[in-house]
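Please look at the sequence and the structure before reading on.

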Amino acid sequence: MRVDVLTIFPDYLAPLDLSLIGRARRQGLLDLRVHDLREHTHDRHRTVDDTPYGGGAGMVMRPEPWGETLDAVVASGAGVPHLLVPSPAGERFTQAMARRLAGEPWLAFACGRYEGIDERVLEDAADRMPVTPVSLGDYVLNGGEVAVLAVVEAVARLLPGVVGNAESLVEESHEDGLLEYPVYTKPSSWRGRDVPPVLLSGDHGAIARWRHEQRLTRTGARRPDLLPPSAGLLADGLDIVVATRGDLPELLVLQWACWVGEGRSAGSFDIPPLAETLDDLVGSLDGWTTWVVRSAGRLVAAVRGRMSTDDRRTWETGRLMVAPDLAGRGIGRALLAHSESAAPAGTTRYWVNTGARSERNLRIYRKAGYRLQAGEGRYPGTVDLVKRAD
Ligand SMILES: C[S@@+](CC[C@H](N)C(=O)[O-])C[C@H]1O[C@@H](n2cnc3c(N)ncnc32)[C@H](O)[C@@H]1O
């Protein structure tokens with residue numbers, strides 16, 4: 001990637017010679033060039049600013065040095081750069097923007113000072129190249145250089161080869177909208193403070209769950225604005241209600257979304273949950289009781305149950321679904337238990353059916369005490385599982 005920085009303080013960018021970014025430059029992964037605007041002034045005092053038209057405090061950067069420096073930068077390469085203009089009035093810089101910029105071949109930065117750059121510089125540049133004003137945050141710095149240091153570091157570390165262990169980039173704060181979990185290293189006890197025991201347990205599942213909870217807690221405490229409304233939904237706080245006709249269009253969409261993966265693993269999308277229509281769901285409200293869970297208005301999970309029509313002692317649970325982003329929190333288990341608890345007195349066993357290759361569902365049902373029945377299940381490619389009702 002090529003990066004050009006236009007500034008009246010070239011020395012401000014010296015830190016980009018250090019550490020990983022400096023190494024990336026030496027390895028040729030990052031071609032960073034810093035340009036002194038004053039090289040393109042033509043008066044004795046090398047003037048880059050003047051008083052604002054219309055009056056007001058402070059000075060504004062004159063357009064001529066900017067125009068000439070940008071012309072020289074553009075002439076020195078093939079194509080045009082994407083011009084980023086640090087400004088407190090710009091688009092907020094985020095990890096998502098860093099990712100987008102890391103995919104571009106050539107970036108240029110225009111570091112403003114004083115009250116900013118004459119607006120015509122940006123208009124003139126926009127005739128030739130993409131121009132994006134970028135803000136580091138809702139505060140005012142003295143100049144764009146500090147913003148450039150931050151943006152270049154955030155972008156360059158995403159370039160292949162710049163950070164040794166690429167996996168470490170995946171779990172970081174902001175990569176998936178949550179803040180990172182707390183991290184610890186040796187010694188395991190320091191000044192009377194112990195590392196959370198789960199991290200020493202060797203149980204990778206438990207560690208992953210603990211880290212996920214920590215991310216949610218930390219994000220909720222420090223940056224609640226980042227949390228999607230459903231993120232805090234936990235199995236023990238579910239509001240499970242009987243579905244009405246008004247729920248069914250959303251329910252159908254969730255059902256299709258949840259069973260596409262099943263269809264793929266079964267090698268066929270010709271399976272009942274995907275074949276079902278809205279009319280079928282309306283019809284199902286007759287024989288089945290359907291329950292849904294909503295979070296911040298969004299329908300995120302559902303299940304249905306009924307007494308078997310063949311034998312009046314088996315309680316059947318079906319269409320157990322949880323939105324993919326909320327999987328792994330015990331919501332499915334809670335809904336299964338809810339359906340079982342609705343079975344009338346005299347029920348001797350609970351029945352469920354799932355794809356023969358649906359490893360995840362099979363695991364959940366086994367964990368809930370269900371045993372696989374021999375042979376094919378009620379539908380082609382499925383298996384039945386049952387559990388004694390006590
Ligand atoms: C003193 S500021 C100018 C502020 C300008 N008068 C305004 O209110 O929008 C000088 C320069 O610092 C840089 N700057 C200040 N705050 C920034 C921020 N939050 N993000 C990015 N750049 C910033 C910009 O390059 C800006 O041109």
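H8 and H10 are roughly perpendicular to each other, because their angle falls in the range of 65 to 115 degrees that counts as such. The model described here is a predicted one. Helix H8 covers residues 248-266 and helix H10 covers residues 278-287; the two pack at an angle of about 115 degrees, and their axes are 10 Å apart. Two packed helices are described by the angle between their axes and the distance between the axes. The crossing in which H8 passes H10 is right-handed.

**Domains**

How is the chain divided? The domain assignment gives domain 1 (2-168), domain 2 (189-226) and domain 3 (240-388). Between the C-alpha centres of domain 1 and domain 3 there is a distance of 55 Å.

**The five-strand sheet**

An open sheet is built from five strands in the order E2-E1-E6-E5-E7, and its pairing is parallel. Strand E2 (31-36) and strand E7 (131-135) are at the edges with a single partner strand each, so one side of each has no neighbour in the sheet. On average, neighbouring strands of this sheet are turned by 30 degrees against each other, direction ignored.

Strand E6 pairs with E1 and with E5. Strand E1 (residues 2-7) runs parallel to E6, and five bridges join the two. In this pair Val5 is opposite Phe109 of E6. Strand E5 (residues 82-92) also runs parallel to strand E6 (residues 106-110), here with three bridges. Leu83 has Ala108 of E6 opposite it, and His82 has Leu107 in E6 as its bridge partner. Is E6 mostly covered or mostly open? E6 is mostly covered, with four of its five residues buried.

Strands of a sheet pair through backbone hydrogen bonds, either parallel or antiparallel. A second open sheet is described next. Seven strands make up this sheet, in the order E10-E11-E12-E13-E14-E16-E15, and the pairing is mixed. Its edge strands, strand E10 (240-242) and strand E15 (371-372), each pair on one side only.

| Strands | Sense | Bridges |
|---|---|---|
| E10 and E11 | antiparallel | three bridges |
| E11 and E12 | antiparallel | seven bridges |
| E12 and E13 | antiparallel | six bridges |
| E13 and E14 | parallel | three bridges |

Val242 has Trp291 in E11 as its bridge partner. Strand E11 spans residues 289-295, and its residue Val292 is opposite Ala302 in E12. The hairpin of E11 and E12 has two residues between the strands, and in this hairpin Ala296 takes a positive phi near 50 degrees.

Strand E12 spans residues 298-307. A hairpin also joins E12 to E13, this time through six residues. Across this pair, Arg304 is opposite Gly318 in E13, and Arg306 is opposite Glu316 in E13.

Trp315 is opposite Tyr350 in E14. How does the chain get from E13 to E14? The chain crosses through helix H11 (residues 331-341), and this β-α-β crossover is right-handed.

Why is E13 largely enclosed by the rest of the structure? Strand E13 has nine residues (314-322), and eight of them are buried, so the strand is largely enclosed. A residue counts as buried here when 20 or more other C-beta atoms lie within 10 Å of its own.

**A loop residue**

Glu171 is found in the loop between helix H6 (167-170) and strand E8 (189-190). Is Glu171 buried, exposed or partly exposed? Glu171 has 14 other C-beta atoms within 10 Å, so it is partly exposed. The limits are 20 or more such atoms for buried and 12 or fewer for exposed, with partly exposed in between. Glu171 and Pro380 are separated by 209 residues in sequence, and their C-alpha atoms are 40 Å apart in space.

Conventions: Residues are numbered from 1 along each chain as its sequence is written. This is a predicted model: local features need pLDDT of at least 70, side-chain atom pairs count only at pLDDT 80 or more; totals for chains, interfaces and linings use all residues. Two strands pair if DSSP finds at least two bridges between them. A crossover is right-handed if, with the strands pointing away from the viewer, the path from the first strand over the helix to the second runs clockwise. Domain bounds come from an automatic or database domain assignment. Axes are lines fitted to C-alpha atoms, for helices over the stretch in contact, and angles run from 0 to 180 degrees between N-to-C directions. Angles under 35 degrees count as roughly parallel, over 145 as roughly antiparallel, 65 to 115 as roughly perpendicular and the rest as oblique. A crossing is left-handed if the near helix is turned anticlockwise from the far one by less than a right angle, and right-handed if clockwise.
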